Amino acid sequence: MQDVLHALFFVTAFGALFLAVIGAEYLYVRKTGQTGVYHPRETLANLAAGFSYKVVDGIAIALFIQAFYLSVYEWGLQWQPEASVLSILALIVFIDFCFFVNHVMMHKVRWFWSGHITHHSSAHMNFSTALRQNFTFALSGSWVLWWLPAALIGFDKDWVLFAIEGNLLYQFFLHTVLVE
Ligand SMILES: [Zn+2]
């Protein structure tokens, strides 16, 4: 239960950060007279989709993804690298690579595409588009490819959690036409 509360706390904290960034982008777009970047009804839909996705994902991580990670960890190499700049960099690059493979699979396998299509169903790129996700992601099982390889190698579960959430945070800032 404690983990679920932590997850909901982080969803709320990052939600507030994302709202602030989206608000700042919206004001910037208006000030510079750009049109067609923000569509209020679509932005609201993006926020609602992002919120429901992250709440379900956070609860899934707290309730079963972490437990799955730890049980796979038992069967893996249990490398347990020391915390150093090199090992943390290696994990960041590795998690990004696993996401790349996961993302390709989400586009190639219909089962996973059915949950990912929501993310690509907007013609407008702005920060709120990053949040246009489907809550079925946590239930579809495609997250396994993101978590499982690191568990088999033997990275600490909390490191992996930070690396994955950090990767999502980084990806948020890629979804705009303003960053070139
Ligand atoms: Zn995609």
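Hi everyone, let me start with what I call a helix: helices here are DSSP runs of H or I with at least four residues, strands are runs of E with at least two, and both are numbered from the N terminus. Residues are numbered from 1 along each chain as its sequence is written. What you see is a predicted model, in which local features need pLDDT of at least 70 and side-chain atom pairs count only at pLDDT 80 or more, while totals for chains, interfaces and linings use all residues.

Most residues other than glycine have a negative phi. Q80, though, has a positive phi near 45°, and for Q78 the positive value is near 50°.

Are these two buried or exposed? I call a residue buried if 20 or more other C-beta atoms lie within 10 Å of its own, exposed if 12 or fewer, and partly exposed in between, with C-beta atoms placed from the backbone. Q78 has 12 other C-beta atoms within 10 Å, so Q78 is exposed. Q80 has 11 such neighbours and therefore counts as exposed.

Now back to the start of the chain. M1 sits in the segment before helix 1, and M1 counts as exposed because it has 7 C-beta neighbours inside 10 Å.

Next comes helix 1, residues 2–31. The expected span of a helix is 1.5 Å times one less than its number of residues. For the 30 residues of helix 1 that gives 44 Å, and the end C-alpha atoms are 44 Å apart, so the two agree. Just after helix 1, G33 takes a positive phi of about 70°.

Within helix 1 we find A7. A7 is partly exposed, because 19 other C-beta atoms lie within 10 Å. What does A7 touch, leaving out residues up to four places away in sequence? The answer is G58, I59, I61 and A62, where contact means that two C-beta atoms, placed from the backbone, lie within 7 Å.

On to helix 3, residues 85–108. Its 24 residues reach 35 Å from first C-alpha to last, close to the 34 Å expected. L91, I95, C98 and M106 are the buried residues of helix 3, and they pack against helix 4 (110–116), helix 7 and helix 8 (157–172).

Two packed helices are described by the angle between their axes and the distance between the axes. The axes are lines fitted to C-alpha atoms, for helices over the stretch in contact, and angles run from 0 to 180 degrees between N-to-C directions. Helix 3 and helix 7 pack at about 145°, with axes 8 Å apart. On the helix 3 side, the contact includes F94, I95 and C98, and on the helix 7 side it includes L145 and W146. By class, its residues divide into 10 nonpolar, 1 polar and no charged. Here Ala, Val, Leu, Ile, Met, Phe, Trp, Tyr, Cys and Pro count as nonpolar, Asp, Glu, Lys and Arg as charged, and the others, Gly among them, as polar.

Helix 7 (residues 144–153) also meets helix 2 (residues 40–75): their axes come within 8 Å and cross at roughly 35°. In this contact, I65, Y69, V72 and Y73 of helix 2 meet W147, L148, A151 and L152 of helix 7. The contact has 8 nonpolar, no polar and no charged residues.

The largest has 13 residues, and I95, W147, A150, V160 and A163 have the most contacts inside it. Helix 2, helix 3, helix 7 and helix 8 each give two or more residues to this core. Beyond four places in sequence, W147 touches I65, Y69 and V160. A second, separate core of 5 residues includes F18, I22, F127 and L131.

Last stop: F155, in the loop between helix 7 and helix 8. F155 counts as buried because it has 25 C-beta neighbours inside 10 Å. Leaving out residues up to four places away, F155 touches L91, A150 and V160.

Terms used. Core = buried A, V, L, I, M, F, W, Y, C linked by C-beta atoms within 7 Å.
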